[in-house]
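Work through these exercises with the sequence and the 3D view side by side. Try each task before reading its solution.

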Amino acid sequence: MTQFFDALETRRPEARAEALARVLPEQIARAQRCPGYGGALDGVDPAAITDATALATLPVLRKSDLGRAQGAAAPFGGLTTRPAHGFAHVFQSPGPIYEPGGDGHDWWRMGRFLHACGVGAGDIVQNCFGYHLTPAGMIFENGARAVGAAVLPAGTGQTELQARAAHDVGVTAYAGTPDYLKVILDKAGEMGLALNITRAAVGGGALFPSLRAEYADRGIQCLQCYATADLGNIAYESAAQDGMIVDEGVIVEIVRPGTGDPVPEGEVGEVVVTTLNPDYPLIRFATGDLSAVMDGESPCGRTNMRIRGWMGRADQTTKIKGMFVRPEQVAALVARHDGIGRARVIASREGETDVMTVRIEATGGEADHYAGAVSEVLKLKGRIEIVPPGSLPNDGKVIEDARSYE
């Protein structure tokens with residue numbers, strides 16, 4: 001019999017709607033008091049915003065709006081209900097965009113996902129998300145604390161030490177990007193080290209079916225969540241592996257990209273999220289991700305809406321090796337060198353690993369000449385190919401995702 005994180009997960013639709021009608025107006029009122037909204041919510045009666053239909057009448061907040069607000073009022077753009085020093089952490093993500101972090105019980109709502117993965121008291125989680133500047137490491141650490149698990153704060157890199165620590169400490173669960181666990185497992189195999197990892201909670205990149213199957217063959221149940229640095233956990237898989245269940249602390253809408261208008265159920269559109277976190281009331285925050293609402297409830301017994309998970313980007317921004325690469329970064333790369341006419345970033349897969357290739361139109365020069373700029377501007381290392389001027393497709397794309405998600 002399934003054990004649930006709390007009673008919220010199995011509420012009937014009527015009970016969930018009644019609760020939303022109480023808490024959503026309070027969240028709208030909090031947002032109205034935040035100067036970062038710049039009058040966007042002026043004239044809105046919070047008491048009238050009691051469900052998703054009413055919520056859809058409000059304007060969409062985009063990442064670019066967040067950046068502009070933070071530029072005018074650092075670090076959080078006047079969009080939080082506490083000052084920066086009132087939070088446990090201040091994070092910086094590429095952009096740069098700054099995010100607050102709290103250390104209260106399940107502040108990021110990641111405990112619900114880890115519980116669905118079967119992680120709890122008695123487990124040791126090897127947390128391979130980054131702890132440096134970006135929030136992913138602390139997001140999962142906070143979730144592990146919520147379910148009573150211990151954490152090995154491993155971060156990224158130093159694979160041999162990671163494998164040794166997993167063996168010596170007796171790690172039972174992994175948290176990190178989908179493909180890095182395979183790197184650790186393979187390294188442990190090379191070193192002759194037996195590992196006890198039986199569960200994996202992954203995010204920050206696509207979990208390809210072949211990789212999930214490989215982990216299952218090794219006796220590891222691997223489930224994925226959909227989370228962002230701004231919003232925390234949005235949706236997550238359960239053991240049923242039948243879509244992603246929307247978290248109880250957010251409202252998810254699927255809208256027609258660029259409009260904010262909800263699409264019919266089942267139609268692919270942009271994910272727009274309203275968080276009920278009282279410290280950071282983001283209202284109708286457009287993620288830039290594509291997904292679709294699924295019909296019915298999860299076979300696991302959780303009753304909230306399900307989405308199909310990540311289905312690509314509404315814009316060309318693409319996640320590679322767990323990091324977003326944005327069109328404006330490609331433009332900055334071109335601007336760094338007079339000799340570059342155009343550039344195109346291509347995301348592909350080799351085996352179970354993401355690969356980034358940067359094709360640069362230039363009249364000459366060696367690939368190594370551009371390596372430093374690529375690493376500095378795109379925040380990732382990748383292959384560099386020099387191609388003749390005019391040879392890149394004239395299709396407006398500067399980022400191409402050539403990975404297969406079938």
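**Exercise 1. Is Phe87 buried or exposed?**

Solution. The model is a predicted one. Step 1: take the relative accessible area of Phe87, which is 8%. Step 2: compare this with the cut-off for buried, under 20%. Phe87 is therefore buried.

**Exercise 2. Describe the aromatic pair that Phe76 and Phe87 form.**

Solution. A pair of aromatic rings is described by the distance of the centres and the angle of the planes. Step 2: apply it. The structure holds 5 aromatic pairs. In the pair of Phe76 and Phe87, the centres are 5.7 Å apart and the planes make an angle of 80°. Planes over 60 degrees apart count as edge-to-face, so this pair is edge-to-face. Phe76 and Phe87 both lie in the loop between α3 (63-72) and β1 (89-93), 11 residues apart. Step 4: check burial. Phe76 has a relative accessible area of 3% and is buried.
Step 1: look around the pair. Phe76 and Phe87 belong to one aromatic cluster with Phe91, Trp107 and Trp108. The charged end of Arg82 sits over the ring of Phe87, 5.4 Å from the ring centre.

**Exercise 3. Why is the pair of Phe129 and Phe140 stacked?**

Solution. Step 1: read the geometry. The ring centres of Phe129 and Phe140 are 4.4 Å apart, with the planes at 20°, so the pair is stacked. Step 2: find the two residues. Phe129 is in the loop between β3 (124-127) and α5 (136-146), while Phe140 is in helix α5. The pair therefore ties together parts that are 11 residues apart in sequence. Step 3: check burial. Phe129 is buried at 7% relative accessibility. Phe140 is buried too, at 5%.

**Exercise 4. How many disulfides does a search of the whole structure find?**

Solution. A disulfide is a covalent bond between the sulfur atoms of two cysteines. Step 2: search. The count is 0 disulfides. Cys128 is buried, at 4% relative accessibility.

**Exercise 5. Which residues are closest to the centre of the second largest pocket?**

Solution. Step 1: get the volume. The second largest pocket has about 1200 Å³ of space. Step 2: go to the centre. Of 49 lining residues, Arg16, Leu20, Val250, Ile251 and Asn304 are the closest. Step 3: assign elements. α1 (13-32) gives the most to the lining, with 9 residues. At least two residues each come from α1, α2 (52-55), β10 (250-255) and β13 (293-294). Step 4: sort by class. The lining has 23 nonpolar, 11 polar and 15 charged residues.

**Exercise 6. How many cavities of 30 Å³ or more does a search of the whole structure find?**

Solution. Step 1: count. There are 3 such cavities. Step 2: take the largest cavity, with about 70 Å³ of space. It has 13 lining residues, and those closest to its centre are Pro178, Asp179, Gly205, Arg349 and Asp354. The lining splits into 4 nonpolar, 4 polar and 5 charged residues. Step 3: take the second largest cavity, with about 60 Å³. Its lining includes Trp107, Trp108, Arg109 and Asp230. By class, this lining has 4 nonpolar, 3 polar and 2 charged residues.

**Exercise 7. Find backbone exceptions.**

Solution. Most residues other than glycine have a negative phi, and most peptide bonds are trans. Step 2: check the peptide bonds. The bond from Ala74 to Pro75 is cis, with omega near -5°. Pro75 is in the loop between α3 and β1. The bond from Gly95 to Pro96 is also cis, with omega near -5°. Pro96 is in the loop between β1 and β2 (97-101). Step 3: check phi. Gln158, not a glycine, has a positive phi of about 55°. Gln158 lies in the loop between β4 (150-153) and α6 (159-169) and is exposed, at 59% relative accessibility. Lys379 has a positive phi too, near 65°. Lys379 is in the loop between α10 (368-378) and β19 (383-387).

Note on methods:
Residues numbered from 1 in each chain as written. Predicted model: local features only at pLDDT ≥ 70, side-chain atom pairs only at ≥ 80, totals over all residues. Heavy atoms only, no water. 1 Å grid on protein atoms, 1.4 Å probe; cavity = no way out; pocket = protein on both sides within 12 Å on 5 of 7 lines; lining within 4 Å. Points joined across faces, edges and corners; volume = space filled by probe spheres on them. Helix = DSSP H or I, 4+ residues; strand = E, 2+ residues; numbered from the N terminus. Nonpolar A, V, L, I, M, F, W, Y, C, P; charged D, E, K, R; others polar. Phe/Tyr/Trp six-rings, centres within 6.5 Å; stacked < 30°, edge-to-face > 60°. Buried < 20%, exposed > 50% of the residue type's maximum accessible area, 1.4 Å probe, protein only. Lys NZ or Arg CZ within 6 Å of the ring centre and 35° of its normal. Disulfide = S-S within 2.5 Å.
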